[in-house]
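Dear colleague,

I am passing on the structure below for your own work. Please look it over first; my notes on what was found in it follow.

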Amino acid sequence: MRGLKVPSFYRIMFKKIVEQLLDESLLERKDLFLIDFDILPDNTIRIVIDGDNGVLVEDCMYVSRAIEHNIDRDEHDFSLEVSSAGASASLTIYRQFVKNIGRVLQVKTNDNDYEAELVDATNDEIKLKWKQREPKKIGKGKITVQKEINILYKDIKEAKVKIKF
């Protein structure tokens, strides 16, 4: 089938089969969750997963086998790529934020950039906290103040975990 024009109903049905197998595999492993899923025109299936406790190679193999072992290769010609989001990938869904509470994030919004500790994540927003030096209100010098902000997910352009070495 590679390189041939495939009828759209075939592509839709193939995608439904893969989605169902993917959903079933993630239902069995509630610690894993989907970040991205796509089927390219050449029938390459690309799946990106994350996990509440990170993702091991074995986790990617588990999802890969759950799909690959349940699709007839004589009927469907495809390649399959299952990977983890990666340490430098942007946070895009609620569960990624929850798993990173307590870590320092770099968050870009339309109005500002923040480098701060993620202290909470709800279904609608995140809460960041950081310390900042500011001029004293009276007298000379500066004092350290605690700052915090709530940011709606819809206002986040990009959020990444700050990697420390």
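The largest pocket is lined by 16 residues, and Asp50, Gly86, Ala87, Lys99 and Arg103 are the ones nearest its centre. A pocket here is an open set of points on a 1 Å grid over the protein atoms alone, where a 1.4 Å probe fits and protein lies on both sides within 12 Å along at least five of seven lines, and lining residues have an atom within 4 Å of a point. The space in this pocket is about 240 Å³, a volume being what is filled by probe spheres set on the points, which are joined across faces, edges and corners. Its lining divides into 7 nonpolar, 6 polar and 3 charged residues, where Ala, Val, Leu, Ile, Met, Phe, Trp, Tyr, Cys and Pro count as nonpolar, Asp, Glu, Lys and Arg as charged, and the others, Gly among them, as polar.

Please bear in mind that this is a predicted model, in which local features need pLDDT of at least 70 and side-chain atom pairs count only at pLDDT 80 or more, while totals for chains, interfaces and linings use all residues. Residues are numbered from 1 along each chain as its sequence is written, and side-chain values use heavy atoms, with hydrogens and water left out.

Gln96 belongs to helix α3 (residues 94-99), helices being DSSP runs of H or I with at least four residues and strands runs of E with at least two, numbered from the N terminus. Gln96 is buried, with a relative accessible area of 1% (buried means under 20%, exposed over 50% and partly exposed in between, with a 1.4 Å probe and protein chains only). Setting aside residues up to four places away in sequence, Gln96 touches Phe33, Ile35, Asp50, Ala85, Ser90 and Leu91, contact meaning heavy atoms within 4.5 Å.

With best regards
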